[in-house]
Amino acid sequence: MTTSTAAPARHVLEEACAMAGLNAAGAEPVRLAENQIWRLPGRVIVRIAQSGQATAAAREVRVARWLAQQGVPAVRLIDVEQPVQAQGRPVTFWKELPPQEHGSPRDVAYLLRQLHALPVPDIELGYLNPFVRVTERLEAATTISDDDRAWLRGLHRDLAAAWADRPAGLPDRAVHGDAWPGNLVRAGGEPLMMDLERFSVGPPEWDLVSTAVRAKTTGAATSKEYAEFCEAYGFDVTEWEGYPILAGARELRMTTYAAQHAASNPEWADQAQYRIDCLRGRSGPRPWSWKGIL
């Protein structure tokens, strides 16, 4: 963090806190990136989103309140009117979590089973789009070849068509949307759901595919861990005939995410290219060994 980065961020923080009746004195930056995170004395976390994200911030607040009402272990809001708008940026206020670590596959299954057992809530969530930001990521991926970019665009078109005509599966529910162990964590020794910005209504299989892909595609989860995940949830998504479609969408998202990051961080260029090579059949069959992108 630099002083030039922190100064304008603090102006937004101070204005937002004043609107919410909070005191920004003594605030410490946690992360100043696209979304800026600050810690206030009294274990309050302030999240400053980008301009243009007011709708997403309001939805995240609605989701957090609904999860609290349903007793699902998740991040909790503090009791103030929110979100607020400060200098065009939506701001939300949360209770600080205890130290966290990635959830195990069993933890992820435990939380998803609770979530998917609930009826669809009577709040505006929108319907799941598994390809959100894929086009923008490909446009930003300046380190990949034109041939690879064209191939990925073709894969995107094919998967989008298959998604629209996918086989029937489990009934639609509220889904987390990005259910990997960095978002379904263990905090204070207990499983807990966080990062609620991708919540939507859609097939529960989309949440389950994240762990299946970690086992079947990237090698990040072992066969034993995946078996424990299926046992804890009570369903193996890889046995559903629509699995290749959703797994393909997840793989495409992970690949374009790496390609986008490589444009601004050369450290990830080799990983982005490796993921493309895997999808194009240049690196042997699954499972592959994909490194995490930080």
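Which side chains meet in a salt bridge at 3.2 Å, N to O? They are those of Asp148 and Arg282. This is a predicted model, in which local features need pLDDT of at least 70 and side-chain atom pairs count only at pLDDT 80 or more, while totals for chains, interfaces and linings use all residues. Residues are numbered from 1 along each chain as its sequence is written, and side-chain values use heavy atoms, with hydrogens and water left out.

**Salt bridges around Asp148**

- The structure holds 13 salt bridges, each being a side-chain nitrogen of Lys or Arg within 4 Å of a carboxyl oxygen of Asp or Glu.
- In the pair of Asp148 and Arg282, Asp148 belongs to helix H5 and Arg282 to the segment after H9, so parts 134 residues apart in sequence are tied together. Helices (H or I, at least four residues) and strands (E, at least two) are DSSP runs, numbered from the N terminus.
- Arg282 is partly exposed, at 43% relative accessibility; buried means under 20% relative accessible area, exposed over 50%, and partly exposed in between (1.4 Å probe, protein chains only).
- Asp148 is buried, with a relative accessible area of 4%, whereas Arg280 is partly exposed at 25% relative accessibility.

**Salt bridge between Arg39 and Glu96**

- A salt bridge links the side chains of Arg39 and Glu96 (2.7 Å, N to O). Arg39 is in strand E2 (residues 36-40) and Glu96 in the loop between strand E5 (89-95) and strand E6 (100-102), so the pair connects parts 57 residues apart in sequence.
- Arg39 is partly exposed, with 29% relative accessibility, and Glu96 is buried, with 19%.

**Nonpolar cores**

- A nonpolar core is a set of buried Ala, Val, Leu, Ile, Met, Phe, Trp, Tyr and Cys residues joined through side-chain atoms within 4.5 Å.
- The largest such core has 72 residues, of which Leu67, Met193, Leu196, Phe199 and Val237 touch the most other members. Helix H8 (residues 243-264) supplies the largest share of this core, nine residues.
- Leaving aside residues up to four places away in sequence, Leu67 touches Val72, Ala74, Arg76, Leu115, Met193, Leu196 and Phe199; contact means heavy atoms within 4.5 Å.
- A second, separate core of 20 residues includes Ala9, Val12, Val80 and Val84.
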